[in-house]
Amino acid sequence: METSGYNLTLNGLVSDQKPLGCWSVKHGQIITCPVVCNFETHEYIAVHDNKVLRIWKDKDVNLDKVFKATLSAEVYRVHSLPHAEPLVLFRGGGVRTLDVLLEAPQQEIEDVISDEVIKWSEAFLEGQQPVLIFVTEKDGDFFVYVQKLKMRSLHKYKLEQQELSNPLCFTAYIKKQIITLLCLYSSDSIYKVLIPLQQNSEEEEQTLSKSLLLNLSISGSVLKGTSFVVLDKDHVAVLGSLAASDEESKECLTIWNTKFQTLQASKELPLGTSGQLWCYGEKFFFTHGKVLTVVIYKCETSSLAAAVGKLKDSQTSDLCSFLNWNTLQDEELLVSCQSQQSAALKSESTMTLRSKKSTVENIQPGASTIGQLLLSIKDASTAAVEDELRQLLSKVQRPDFQAAIGSVISALINRCKTDPAFYPRNFLIQMIQKRELSYSLCPDLMAVALEKKDVHLLQICLQRFPDIPEEITYACLKVFLSISDEYLERTDVDLESVISYIDIEPNNKEVKTEVVENGFSTELEEDGCDVTGMKEIHMMDSVEFCPVGPQKAALLNAVLHSAYSETFLLPHLKGLPAQQAVLFLRYLHYLYVKCSERINTTLPGVLSPTVSQIMDWMCLLLDAHFTVMVMLPEAKRLLSSMHKFVRAQVRFYSELNKIEGSLQELQRIKCQTDTQAYSIEVLELI
Amino acid sequence: MGEFEVHRVRFFGLVPAGVRCMAYQHRGCRLALARTDGAVEVYNFAANYFMEKAIPGHQTRSVEALCWAAGERLFGAGLCGDITEYDLERLHPAYAVDGFGGPIWSMAANNDGTQLAIGCEDGSVKLFQVVPGGVQFEKNLDRQKGRVLCLSWHPSGTHLAAGSINFIRVLDVRSGRTAQRIMVNYHVPKSKKRECVVWSIAFLSSGTIISSDSFGRVQFWDWERGTLQDSHTVSTSAALSLAVSEEEDSIVVGTSAGATYQFQLLPVKTGGQEKRWVKTKPFQHHTHDVRAVVHTPTALISGGLDAQLVIRPLMEKVQKKSYDAVLRKFTLPHRRLVSCARKARLLLFQFSQHLELWRLGSTNKTGKDGEVLPLSRMPEHLLQLKSKGPEHIYCSCVSPCGSWIAYSTASRFHLYRVQHEGDNISIKKVPGVPKLLLPAYQLQCASDSGRLFIASDRGSVHVVQLLEPGGCKHLHTLRPPAGTREAVYLLASSADGNWLAAVSGDWEAGLCHHCTVPTYSCAVTALAIHPATNNLFISYSDQQVGLFEFSIPEKQYTAWSRSVQNSGLHRLWLERDSPITHIAFNPKNTSQILLHDVYMLCVLDKSLPLPDNNALLVNQSTLKQLSEPARHRQLHAFKICKKFQPLLFADLLDERCLVTVERPAADINAELPPPVQQKKFGT
């Protein structure tokens with residue numbers, strides 16, 4: 001990207017926000033036309049002192065030592081065209097391609113215009129043919145010249161006059177052999193002039209009629225345009241000052257819809273601009289104060305809905321990045337300042353400029369959108385980010401908030417990954433609890449939480465997310481089982497799911513521990529085989545005590561609660577260390593016994609696991625660790641106790657089965673009585 | 001409205017005969033159906049599947065095949081060896097022609113309906129020409145050993161496919177030679193070779209022969225090469241019946257396990273040229289053998305030995321999705337088989353070859369809605385009257401006083417005098433019954449039991465005076481003024497004895513010697529004359545119109561009837577699929593009319609407003625929960641009770657007493673022979 005001053009050129013990549021190169025002419029020399037780049041050869045072309053042509057490349061440092069050609073006539077402008085030789089327009093209206101010119105720099109340049117002054121020029125390629133258009137002025141009359149270089153044809157048109165106003169600025173584009181010239185008049189209107197390119201007859205100068213395209217007025221106030229560009233067939237951007245009747249004028253960048261004559265977007269520029277606006281590849285470039293501001297824009301197909309602001313995600317002009325001139329050497333900056341048109345800021349120091357910049361940001365809090373937030377998440381301090389997040393949460397919910405939240409969380413997670421100190425836990429928990437999030441919306445969240453061993457977050461995720469992959473579920477399980485109860489006691493875990501069946505009071509627990517110790521008496525273990533079911537249930541005293549702490553139990557309940565597919569979970573589950581598997585099984589067994597204590601086989605409380613979830617996990621765990629369980633001495637007792645309990649249950653249910661059979665038979669007998677061959681019944685018809 | 005004492009009768013042991021064969025007439029939308037007892041029925045699909053005609057069976061005349069030929073002529077052939085043409089106007093076999101080939105197993109008419117081919121026990125295939133007024137033997141085709149169980153004409157009429165045991169033959173009609181002989185179980189190993197019966201066959205215009213056999217296979221053969229193209233095993237038991245759609249892109253197969261399958265000719269790839277027969281839809285509507293299937297353009301029809309006729313519309317072919325797409329099952333006949341002596345509280349049940357007279361029980365208790373009352377007297381089977389000879393009973397009737405019983409077979413009319421002496425009962429045949437033109441299609445006794453009306457053919461009604469203590473006299477014969485060829489199948493007499501309404505087969509409801517009710521292009525399913533107002537109440541099989549009330553004295557429809565036609569009946573009422581088979585009146589309340597079909601019983605109160613489509617039609621249970629004033633707002637004319645199903649008969653004995661005769665499907669099934677043994681898991 002390239003921009004030009006009077007005696008300074010600088011060249012930088014927008015995405016890097018860093019100048020790539022900087023060249024200056026000798027003191028006393030003035031660059032008289034914008035420096036262009038020849039895209040074919042990657043050479044820069046500058047003209048200083050009207051007649052001296054300079055051509056150099058990136059690697060050249062000193063402008064004085066580069067190629068120099070002194071021309072015979074004054075150059076108005078050099079136009080660079082893609083895939084074509086640059087065109088040099090002389091003040092007299094003569095045009096040469098650069099290569100022709102360089103063959104004989106001192107060649108005679110004809111004078112096409114006598115005493116008109118060129119106001120504006122532009123070059124196009126129309127079907128590999130360079131076309132140059134320039135506008136001249138003489139005594140208030142404006143003329144348009146269209147020159148086709150290959151054809152060696154030059155057409156001159158007279159622009160239709162306008163009462164009391166003059167064209168200030170021009171822009172043009174070419175489409176289907178027709179040049180559309182747009183003129184910004186001092187009467188705050190943009191006019192459109194169509195110039196046909198195919199003009200065979202060598203007539204006398206024609207007068208071009210113009211038509212009103214756009215009136216730059218916004219509800220009473222008028223935009224005094226200074227510069228404008230065409231964005232697409234329906235949109236123009238105008239840089240100018242908005243003069244309301246009672247207030248002082250503010251400079252602003254505006255995007256207008258010409259189809260519906262509406263202002264589409266506007267951006268205030270309180271620091272003032274140079275009045276110039278460039279536009280390359282969907283980015284605006286303009287100076288804002290001492291800063292070159294780049295604004296990305298996007299024009300969507302214009303529709304009435306968009307024009308009246310009813311369309312979602314209509315074009316947004318986000319302040320994207322700044323090319324900060326403050327990064328230049330102070331000396332150079334001062335030089336540039338001197339040369340700038342906006343002299344008011346000239347004397348201000350760099351410090352004040354910085355503060356100015358920050359005020360710019362503060363002035364526009366409304367524009368601090370998700371996009372900006374995403375940016376700030378990338379590098380801002382933890383406190384700042386959290387502050388912004390809080391603001392975000394307090395804001396009114398927007399329709400696309402869900403998606404935005406997803407991207408915010410992803411950004412946060414990315415930051416977490418790169419910056420280990422950064423972890424906005426409260427915000428994340430708040431987000432998951434408040435919003436309908438899912439695993440797929442923020443896939444890395446749980447991975448990060450696992451890494452940080454943030455069990456509370458994991459618990460909430462397991463409870464809320466409908467689509468957790470089995471791998472992650474397993475990882476959670478493993479983490480939960482491996483963390484010690486002592487550690488968990490200090491952490492904040494949601495105990496809602498266990499509170500109604502596990503006593504949390506520590507002293508109670510101790511009492512129970514005693515009972516358990518007694519309950520594991522060997523004689524009960526041994527003679528329990530053939531006793532009746534009721535007796536065996538008594539024996540279940542041994543599992544009355546919960547093998548894990550309430551925090552861990554709550555976490556495990558969250559795992560039980562999450563959805564899974566057996567096929568995908570089983571291979572992971574095989575990797576569970578044997579001790580942890582036994583512990584988990586013990587807990588499941590405990591839950592199962594607890595369930596069976598109640599007639600409806602459900603555990604009390606919210607989010608507590610159902611009996612089928614418990615059974616499924618039990619089966620799954622036994623499937624995964626069958627051989628290990630069989631071999632492990634400490635599992636032996638547990639397994640035998642479980643077996644006895646299950647056997648007692650099976651017996652109990654088989655008894656129920658018998659009762660059910662008898663009752664069914666009764667039902668059948670009752671039905672049969674219903675179908676006797678003859679009866680007298682009472683029927684009431686109303 | 002009040003409480004009724006309902007005599008709920010379930011001891012009518014009717015077992016409808018199984019369906020043996022069917023024939024569909026595309027032009028008239030009529031289905032002819034023959035039952036295993038030799039009865040032939042004609043259903044009119046255009047008139048809401050109403051059983052339009054019924055020809056009672058005959059002990060010796062089994063029907064193995066039915067054909068529509070030469071327009072609307074119906075032919076049957078059976079194991080007695082005869083081809084029989086049915087007179088659908090007079091509702092009896094018109095004549096029979098001996099096929100001289102032993103029992104006839106199969107019969108098929110060619111596409112034009114000009115020729116009939118029969119397959120005989122002796123292995124011969126014979127051609128008969130259909131001529132006006134009869135059939136004429138044309139020629140014998142090549143004879144081979146083995147009974148010909150099924151026949152199918154090639155649509156061009158040049159060839160005939162004949163299925164026998166173990167082989168299929170293709171016969172050239174012109175030369176009479178066997179053009180091809182296909183062994184159907186050629187590839188079965190010799191050790192396992194059993195007899196393979198080709199039960200059904202179809203010859204497509206493409207030259208493909210489709211056969212279904214006792215191995216449960218449906219096979220597709222190329223007749224010219226005699227090769228097997230495709231074979232599908234649909235059942236472990238036999239595939240008994242087969243029918244092809246007119247477009248020849250779909251077939252339906254019935255099996256002895258009670259299942260039916262649809263096969264469709266579908267492209268192998270979408271848009272591709274190559275097509276294959278694919279088994280697409282299985283249906284299990286029957287419990288027993290599906291002996292007959294028919295493929296109409298819009299529906300699959302199957303008839304089984306469980307006596308059910310099932311019409312399964314093809315969803316993709318039905319235009320209106322709601323009402324036409326409903327599966328229909330018909331088990332019970334659309335005819336009245338029960339007559340009731342209201343005063344004597346007797347019920348007369350008509351079986352195919354005997355009658356049963358029952359006395360209803362009684363109670364001396366009352367109760368609330370839904371209660372079963374204790375019986376003070378049990379119902380009593382008074383007598384069983386066996387009809388002599390092989391002919392089945394056409395119609396029967398008991399007089400309101402219960403002292404006269406009349407019935408008619410195809411050739412004889414019987415009148416009995418029943419003497420009740422306390423608990424004893426004696427029966428005496430009335431001698432000197434006048435020689436009338438038989439058969440009688442409907443019998444109706446006048447309400448004073450003094451006269452008997454006998455519906456006869458050509459629209460005539462004979463009037464016979466019943467004389468005490470046991471005689472009768474033919475008074476006169478009523479004939480319609482315009483004259484008709486069709487027999488009278490419904491009668492209704494007025495209480496005062498002045499009026500008699502009769503309906504003949506061309507749907508004309510006539511009042512003898514008075515006038516004709518405007519003809520409506522739909523069959524009359526029931527009619528009755530109101531005892532007090534002498535209004536004739538008519539219900540039509542077409543549910544769209546349904547009910548009419550015709551004032552006899554004024555010779556026009558009553559205002560109520562007009563208002564019904566103007567406002568239209570409730571949508572759900574119109575969507576019922578079984579016809580109203582009986583109409584009775586409340587003797588004490590002139591505005592109340594009892595109607596019933598198989599699935600509901602309805603007391604129509606003309607004094608109440610008609611329900612509109614938004615109202616709940618069957619609202620009795622709702623009403624019972626409402627308070628008195630709220631009830632009042634919800635009342636409408638149709639008081640429907642669906643408690644008694646399936647309902648053969650319902651009548652009002654007096655203003656507070658109803659009798660319903662039900663025949664639960666489970667009871668019918670219990671009396672059917674066990675179906676093909678199917679191994680069920682765990683048994």
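Tutor: Let us begin with Arg35(B), which has its place in strand β3 (residues 30–35) of chain B; strands (E, at least two residues) and helices (H or I, at least four) are DSSP runs, numbered from the N terminus. This is a predicted model, in which local features need pLDDT of at least 70 and side-chain atom pairs count only at pLDDT 80 or more, while totals for chains, interfaces and linings use all residues. Residues are numbered from 1 along each chain as its sequence is written, chains are lettered from A and ligands numbered from 1 in the order in which they are written, and side-chain values use heavy atoms, with hydrogens and water left out.

Student: Why is Arg35(B) called buried?

Tutor: Its relative accessibility is 6%. Buried means under 20% relative accessible area, exposed means over 50%, and partly exposed lies in between (1.4 Å probe, protein chains only). Arg35(B) therefore counts as buried.

Student: Which residues does Arg35(B) touch, not counting residues up to four places away in sequence?

Tutor: Arg35(B) touches Ala17(B), Gly18(B), Val19(B), Arg20(B), Glu41(B), Tyr43(B) and Ala307(B). Contact requires heavy atoms within 4.5 Å.

Student: How do you know whether Gly101(B) is buried or exposed?

Tutor: Gly101(B) has a relative accessible area of 4%, so it is buried. Its place is in the loop between β9 and β10 (104–109) of chain B. Beyond its neighbours within four places in sequence, Gly101(B) is in contact with Cys120(B), Glu121(B), Asp122(B), Ser124(B) and Lys126(B). Gly101(B) and Gly123(B) are 22 residues apart in sequence, with their C-alpha atoms 8.0 Å apart.

Student: What makes strand β8 (residues 75–79) of chain A largely enclosed by the rest of the structure?

Tutor: Four of its five residues are buried, so the description applies.

Student: How do you know which strand β8(A) pairs with?

Tutor: Two strands pair if DSSP finds at least two bridges between them. Between β8(A) and strand β9 (residues 87–90) of chain A there are four bridges, in the antiparallel sense. Within this pairing, Val78(A) stands opposite Val88(A) in β9(A).

Student: What makes the link between Asp457(B) and Arg90(B) a salt bridge?

Tutor: A salt bridge is a side-chain nitrogen of Lys or Arg within 4 Å of a carboxyl oxygen of Asp or Glu. Here the N to O distance is 2.5 Å, and the two side chains meet in a salt bridge. Asp457(B) lies in the loop between β40 (451–455) and β41 (461–467) of chain B, and Arg90(B) in the loop between β8 (82–87) and β9 (92–98) of chain B, so the pair ties together parts that are 367 residues apart in sequence. Asp457(B) counts as buried because its relative accessibility is 2%, whereas Arg90(B), at 24%, is partly exposed.

Student: How do you know that Asp454(A) and Arg425(A) form a salt bridge?

Tutor: Their closest N and O atoms are 2.9 Å apart. Asp454(A) lies in the loop between α9 (444–452) and α10 (455–464) of chain A, and Arg425(A) in helix α8 (residues 425–434) of chain A, so the pair joins parts that are 29 residues apart in sequence. Asp454(A), at 6% relative accessibility, counts as buried, whereas Arg425(A), with a relative accessible area of 26%, is partly exposed.

Student: How many salt bridges are there over all chains, and how many between chain B and chain A?

Tutor: A search of the whole structure finds 35, and the count between chain B and chain A is two. Arg8(B) forms a salt bridge with Glu681(A), their closest N and O atoms being 3.0 Å apart. Salt bridges that share partners join Glu681(A), Arg8(B), Arg10(B), Lys643(B) and Glu662(B) into one network.

Student: How do you know which strand of chain A pairs with β1(B)?

Tutor: Strand β29 (residues 678–685) of chain A and β1(B) are joined by eight bridges in the antiparallel sense. In β1(B), Val9(B) is the bridge partner of Tyr678(A).

Student: How many residues does each chain bring to the contact?

Tutor: Chain B brings 35 residues and chain A 13 residues.
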